[in-house]
Amino acid sequence: MTIPRPSLPMMNDDHDVRWMQRALQLARRGYYSTMPNPRVGCVLVKNGQCVGEGFHIRAGGPHAEIHALTAAGDQAAGATAYVTLEPCSHHGRTGPCADALIRAGISRLVVAMADPNPLVAGRGLNRCREAGIDVRVGVCEPEAQQLNAGFVQRMRDGRPRVMLKLAMSLDGRTAMANGESQWITGPAARSEVQRLRAASGAIVTGIGSVLQDDSRLTVRNDEAGLGPNIERAAQPPLRVVMDTHLRTPPTARILQGDSETIIVTCSTDQVRIAVLEAQGATVWQQPSTQALVDPAALLVQLADERQCNDVLLEAGATLAGSWWQAGLVDELVLFIAPVLLGSEARPLMALPLHDMCEKYSLRVERMRAIGNDWVVTAVPAGQGNPPPQR
């Protein structure tokens, strides 16, 4: 996965932009490790020189501002603080960073974006202003929004951001008619998929994929190829199986390993539930009156109970198509291999469209080569923000 690195925006205050870009660079070091918290970087500058910097590494640990203030020591007094996200003003697992900045005696605060968290929602900025600190907001805001798109969406809409990952041949097929699909894409593309998984709070799949592929859906750090300046996640992403009739075998590989597996079902079969729970699974039951597991309700539950910011959907044509038609996909990451699988092979998504007017339009945000394959990143037309120039 390529961590978003937009080019330098055109702004009048090059000094503020320069140091905010450094803060964003630091924030990216926690790209895989801060969940469910946002990725944040902080730089303290005095007399044109950096006197302290830091980034948030993982939830429960010091925030970026605290790392920077610790590094700066007495030099923080009179400095300008560049922070990629509004300093917090509430007591959580750590104390308010706004208060720490005030106590340190900074004279100026430059923030990329206000915090969408209703517990903060401008309070940190106001607290600093009331303390006499000069506050500027909005420097490199598009980059900061992009860096924490899932967190912003969870705070704004109450559900995680969903990325649908699919791989297909040049003729738009994902597997042979018998289900054989390994491997359509090459090693570089598969490493990219590992990075997508590592950046996600949960990986969602369907029972059909479990029965067909028996995949673990784990993150293989060696295959992900994360660099030495990138922190690794303390906890692997959740593995979530949509299994309406509770057909997951107790021997399924997705139940193995350190990562928690959640099975979402409409079944009331307590014997089957007990067997799967004995294998370590967590079973979430939706109302048995439903014909199928409700993906929208699942997303709300993942946000509320597990604070998931980003969900990666890895599923077959039927489930992928149903999520797309329900308007639950925020971003499509499509890997394209230079192979032909033929007209009998399985299609990309099950979308029963008949007339041209029913077609779905997308906006391509990025297309690039990856090994011998291509990867296209697109969003449904009308969603998201125009991508920054690269």
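How many Å separate the centres of domain 1 and domain 2, taken over C-alpha atoms? The answer is 34 Å. The model behind this value is predicted.

## Domain layout

The protein is divided into two parts. Domain 1 covers 12-147. Domain 2 covers 158-380. The two domains are in contact, with 12 residues taken from domain 1 and 15 residues from domain 2.

## The interface

Domain 1 and domain 2 bury about 1,100 Å² between them. Carbon and sulfur atoms account for 55% of that area. On the side of domain 1, Arg29, Tyr32 and Met35 lose the most area to domain 2. Together these three residues make up 57% of what that side buries.

What classes of residue does domain 1 bring to the side that touches domain 2? That side has 6 nonpolar, 2 polar and 4 charged residues.

## Polar links between the domains

Salt bridges across the interface of domain 1 and domain 2 number 0. Polar contacts do occur there: 3 residue pairs across the interface, both residues of each pair at pLDDT 80 or more. The side of domain 1 that touches domain 2 does have 4 charged residues, yet the salt-bridge count between the domains is 0.

## Aromatic pairs

The count of aromatic pairs comes to 2. One of them joins Tyr31 and Tyr32. Their rings lie 5.3 Å apart, centre to centre, with 70° between the planes. The planes are over 60 degrees apart, so the pair counts as edge-to-face. Tyr31 is buried. Tyr32 is buried as well. Tyr32 is also one of the residues of domain 1 that lose the most area to domain 2.

Key: Residues numbered from 1 in each chain as written. Predicted model: local features only at pLDDT ≥ 70, side-chain atom pairs only at ≥ 80, totals over all residues. Heavy atoms only, no water. Domains from an automatic or database assignment. Contact = heavy atoms within 4.5 Å. Buried area = accessible area lost by both parts, 1.4 Å probe. Salt bridge = Lys/Arg side-chain N within 4 Å of Asp/Glu carboxyl O. Polar contact = N/O pair within 3.5 Å; in protein donor to acceptor, adjacent residues only side chain to side chain. Nonpolar A, V, L, I, M, F, W, Y, C, P; charged D, E, K, R; others polar. Phe/Tyr/Trp six-rings, centres within 6.5 Å; stacked < 30°, edge-to-face > 60°. Buried < 20%, exposed > 50% of the residue type's maximum accessible area, 1.4 Å probe, protein only.
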